[in-house]
Amino acid sequence: MQGTYLIKYSYKDQKGNEYVYIDRPEVQDQTSPVITIDGVTANEVLSATQNTNVTVATYTATDDTTASDILNSWVCVFFPSGECKQLANGGTFYASEKGKYTVFYEAFDEAGNYTTLKYFVVVS
């Protein structure tokens, strides 16, 4: 767990002399969150038909030190035109344009560590 800790070492020799050393190490979170996308692998290319609704894969974001209510995550679809539409987990977007869509996931914790994953949907 991250934070500052107090560690006290003490030693008494045979004459009764006591030696005490106190250390205050600081532990910092340097581990990025983990994103798991259900049913799709990172950088996978899927296909869809123009003028249809496309449902993005649901995901789970976890972190080894940040409480789940402080872990931030989101999913965004980048259209071929460059527009970004943020979606709910497992949300849908309307594939109005032909081309390559990028489904982009990001999670970041309170220490500033982050992870990104993406996959693609080619619309024809």
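Predicted model: local features only at pLDDT ≥ 70, side-chain atom pairs only at ≥ 80, totals over all residues.
Is F79 buried or exposed? F79 is buried, because its relative accessible area is 8% and the limit for buried is under 20%.

Nine aromatic pairs are present in the structure, and F79 with F93 is an edge-to-face one, because the ring centres are 5.8 Å apart and the planes stand at 70 degrees. F79 sits in the loop between β9 and β10, while F93 belongs to strand β11 (residues 92-94), so the pair ties together parts 14 residues apart in sequence. For another group of rings, select Y59, Y105 and Y119, which ring pairs link into a cluster.

Now go to the sheet. Strand β9 covers residues 72-78 and runs antiparallel to β10, with four bridges joining the two. On these strands, select V75 and find L87 of β10 opposite. Then show the whole open sheet: five strands in the order β6-β13-β12-β9-β10, with mixed pairing. The edges are β6 (45-48) and β10 (84-87); each has a single partner strand, so one side of each has no neighbour in the sheet. On average, neighbouring strands here are turned by 25 degrees against each other, direction ignored. In general, strands of a sheet pair through backbone hydrogen bonds, either parallel or antiparallel.

Select Y5, I7, Y9, Y21 and V27, which make a nonpolar patch of about 470 Å². V27 lies in strand β4 (residues 26-27). V27 counts as partly exposed because its relative accessibility is 37%.

Methods:
Residues numbered from 1 in each chain as written. Heavy atoms only, no water. Patch = residues over 30% accessible without salt bridge, like charges linked within 9 Å, V, L, I, M, F, W, Y side chains within 5 Å. Areas by Shrake-Rupley, 256 points an atom, 1.4 Å probe, with all protein chains shown as cover. Salt bridge = Lys/Arg side-chain N within 4 Å of Asp/Glu carboxyl O. Buried < 20%, exposed > 50% of the residue type's maximum accessible area, 1.4 Å probe, protein only. Pairing = 2+ DSSP bridges. Axes fitted to C-alpha atoms, helices over the stretch in contact; angles between N-to-C directions. Phe/Tyr/Trp six-rings, centres within 6.5 Å; stacked < 30°, edge-to-face > 60°.
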